[in-house]
Amino acid sequence: YLSYHTYNMSMWSVGAAVSDDGFTWERLPEPVLTAGEEGSWDCIGIGVRSLAVVKNQLLMFYEAVDAAGKHAIGIAESVDGVVWRKCQVPGSAQPGGPVLSKGPAGAFDDKHVGTPYVVPAPVDGTRPWRLYFVGAPLAATMETP
């Protein structure tokens, strides 16, 4: 299973390809996860993502962009890697999240968060889930919040 992102000149989507040998890949004909509704936190689309296998299902932590160009991280789930459903996130009114948004003013990530990489907690519970991400500070740009 290979996931990748595509751009159709207006929004980003997640594509997938499958292989029996790891060398010859067949693209699925349609994107497996697409942008949210107009005005949503992920309406411009989905880019970089990280997959984890947990309890016989796949979880996708994905970077998404809204109409104002703000980046955040969301979550979707699948049992087969082909049909994905954006998860309901506690405290979020929209599917998929976000589970992580930019930090407060002055934080290292007060402009954007993205490029998620997730490490699930071990089955024995000896450590928590970990979500590594890239954070961009507003101070490093010419833009206002």
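**Entry 1**

I noted that the model is a predicted one, in which local features need pLDDT of at least 70 and side-chain atom pairs count only at pLDDT 80 or more, while totals for chains, interfaces and linings use all residues. I also noted that residues are numbered from 1 along each chain as its sequence is written, and that side-chain values use heavy atoms, with hydrogens and water left out.

I then looked up where L51 sits, and found it in strand β4, residues 45-54; strands (E, at least two residues) and helices (H or I, at least four) are DSSP runs numbered from the N terminus. Together with Y1 and V18, L51 makes a nonpolar surface patch of about 220 Å². Such patches are made of residues with over 30% relative accessible area and no salt bridge, where nonpolar side chains (Val, Leu, Ile, Met, Phe, Trp, Tyr) are joined within 5 Å and like charges within 9 Å. The accessible areas come from the Shrake-Rupley method with a 1.4 Å probe, and for residues only the protein chains shown count as cover.

I turned to M60 in strand β5, which counts as buried because its relative accessible area is 0%. Which residues does M60 touch, leaving aside those up to four places away in sequence? I listed V14, L33, R49, S50, L51, G74, I75, A76 and W84, where contact means heavy atoms within 4.5 Å. For M60 and W84, which are 24 residues apart along the chain, the C-alpha atoms are separated by 8.8 Å.

I looked up F23 as well, and placed it in the loop between β2 (12-18) and β3. F23 is exposed, with a relative accessible area of 75%, and its C-alpha atom is separated by 23 Å from that of V83, 60 residues apart along the chain.

**Entry 1: aromatic pairs**

I recorded three aromatic pairs in the structure; rings of Phe, Tyr and Trp (its six-membered ring) pair if their centres lie within 6.5 Å, and planes under 30 degrees apart count as stacked, over 60 as edge-to-face and the rest as tilted. One of them joins W41 and Y62, a stacked pair with 5.8 Å centre to centre and 25° between the planes. W41 lies in the loop between β3 (26-27) and β4, while Y62 lies in strand β5 (residues 57-65), so this pair ties together parts that are 21 residues apart in sequence. Both W41 and Y62 are buried.

I also checked F61 and W129, whose ring centres are 6.1 Å apart and whose planes stand at 50°, so that the pair is tilted. With F61 in strand β5 and W129 in the loop between β8 (112-119) and β9 (130-136), the pair ties together parts that are 68 residues apart in sequence. I noted that F61 is buried at a relative accessible area of 9%, whereas W129 is partly exposed at 38% relative accessibility.

Side chains of opposite charge can pair when their charged atoms come close. I found two salt bridges in the structure, the term being used for a side-chain nitrogen of Lys or Arg within 4 Å of a carboxyl oxygen of Asp or Glu. K86 forms one with D42, and the closest N and O atoms are 2.7 Å apart. This pair links distant parts of the chain, since K86 is in strand β7 (residues 85-86) and D42 in the loop between β3 and β4, 44 residues apart.

Is D42 buried or exposed? I found D42 buried, with a relative accessible area of 2%. Not counting residues up to four places away in sequence, D42 touches A35, G36, Y62, A64, V65, K86 and P95.

R85 forms a salt bridge with E77, where the closest N and O atoms are 1.9 Å apart. R85 is partly exposed, with a relative accessible area of 44%, and E77 is buried at 19%.

**Entry 2: cysteines**

I found zero disulfides in the structure, a disulfide being a pair of cysteine sulfur atoms within 2.5 Å. C43 is buried at 8% relative accessibility, and C87 is buried with a relative accessible area of 9%.

Terms used:
Buried means under 20% relative accessible area, exposed over 50%, partly exposed in between (1.4 Å probe, protein chains only).
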